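Here is a short report for a reader new to this structure. Start with the picture, then read on.

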Amino acid sequence: MAPPSILLVFLFLLTFIGTSCGAGIAVYWGQNGNEGTLTSTCATGKYAYVNIAFLNKFGNGQTPEINLAGHCNPSNNGCAGLATDIRNCQKQGIKVLLSIGGGVGSYSLTSSQNAKQVADYLWNNFLGGQSSSRPLGDAVLDGIDFDIEQGSTQYWDDLAKFLSGYSKPGKKVYLSAAPQCPFPDKYLGTALNTGLFDYVWIQFYNNPPCQYVSGNIENLKSSWNRWTSTIPASMFFLGLPASTQAAGSGFIPADVLTSQVLPVVKTSSKYGGVMLWSKYWDDQSGYSESIKKSV
């Protein structure tokens, strides 16, 4: 039997670990010029993770391009000033990732070698490498988010392996993914099985078979349980539209989320929080403000 003082210290450490690794809200930023700056997004105190969206042209021999809608023009190096914003967010402990892919764009991987080329490009232009043409300036992002919704279904596992290979002590390259909730994901299934992903924010919207339907959480619940018990990832997030306008279907009213859905998904030891599409729609609805105390 340990002395009471040791038990107290142990209980304190458990409490500290539990709170310091608490669940949070992830959000996508970059696809609407009216959603405020990256600095103001992080200054709200609502978000633990911000995905800059999107690098939507890459692979298959194409010159990669980032598209940040009305925020800045990358073609004349107009997005390099975001480096200051990125550092502002990181100083607050917020992880900032570059999201690659998206629903609209031109991207695919044609071979393992092509995946290596894309990984090298991402490392040198957005992570810890060196390049004379870094689209977001000299800030070093925390990692890469895979929002793959079109193009090739192969070699995303290779991309994950090559990117993960750049991690080193003291500076990990975090990997996240945004698969659709039908299991397994058509594009990212093989990549997710590598066990290399830190955060998986599953899109429970625009997917009627596995999302919330008015008054019925059973399909969402069974899908969530399958994902969290099958895929070897560190943390899973419930991916949701931040307003009824943000997606074609799958919106969960805040009161339903906090009273019915979150208590169910939180039973998973790998529950990490909620992901919202997107910062713009969250501004319109105030959704994150309504749920943050329950996340």
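The mean positions of the 19 positive and 18 negative charges of the protein lie 6 Å apart. Lys and Arg count as positive, Asp and Glu as negative, while His and the chain ends are not counted. Each charge is placed at NZ of Lys, CZ of Arg, CG of Asp or CD of Glu.

This is a predicted model, in which local features need pLDDT of at least 70, side-chain atom pairs count only at pLDDT 80 or more, and totals for chains, interfaces and linings use all residues. Residues are numbered from 1 along each chain as its sequence is written, and side-chain values use heavy atoms, with hydrogens and water left out.

**Overall build**

The protein has 10 helices and 10 strands. These are DSSP runs, numbered from the N terminus: helices are H or I with at least four residues, strands are E with at least two. The C-alpha trace spans about 60 × 50 × 35 Å along its principal axes. Of the 295 residues, 48% are buried. Buried means under 20% relative accessible area, exposed over 50%, and partly exposed in between (1.4 Å probe, protein chains only). Among contacts with a separation of 6 or more, 72% join residues 24 or more positions apart. A contact means heavy atoms within 4.5 Å.

**A buried aspartate**

Aspartate 157 sits in helix α5 (residues 156-164). Which residues does aspartate 157 touch, not counting those up to four places away in sequence? They are Thr190, Ala191 and Thr194. Aspartate 157 is buried yet has no salt bridge. A salt bridge needs a side-chain nitrogen of Lys or Arg within 4 Å of a carboxyl oxygen of Asp or Glu. The nearest side chain of opposite charge, lysine 161, is 4.1 Å away.

**Backbone exceptions**

Most residues other than glycine have a negative phi, and most peptide bonds are trans. The table lists some exceptions.

| Item | Value |
|---|---|
| Phenylalanine 183 to proline 184, cis | omega near -5° |
| Tryptophan 277 to serine 278, cis | omega near 0° |
| Asparagine 77, positive phi | about 65° |
| Asparagine 206, positive phi | near 55° |

Where do these residues lie? Proline 184 is in the loop between β7 (174-177) and α6 (189-192). Serine 278 is in the loop between β10 (271-277) and α9 (279-285). Asparagine 77 belongs to the loop between β3 (65-66) and α3 (82-91). Asparagine 206 is in the loop between β8 (199-203) and α7 (218-230). Asparagine 206 counts as partly exposed because its relative accessibility is 41%.
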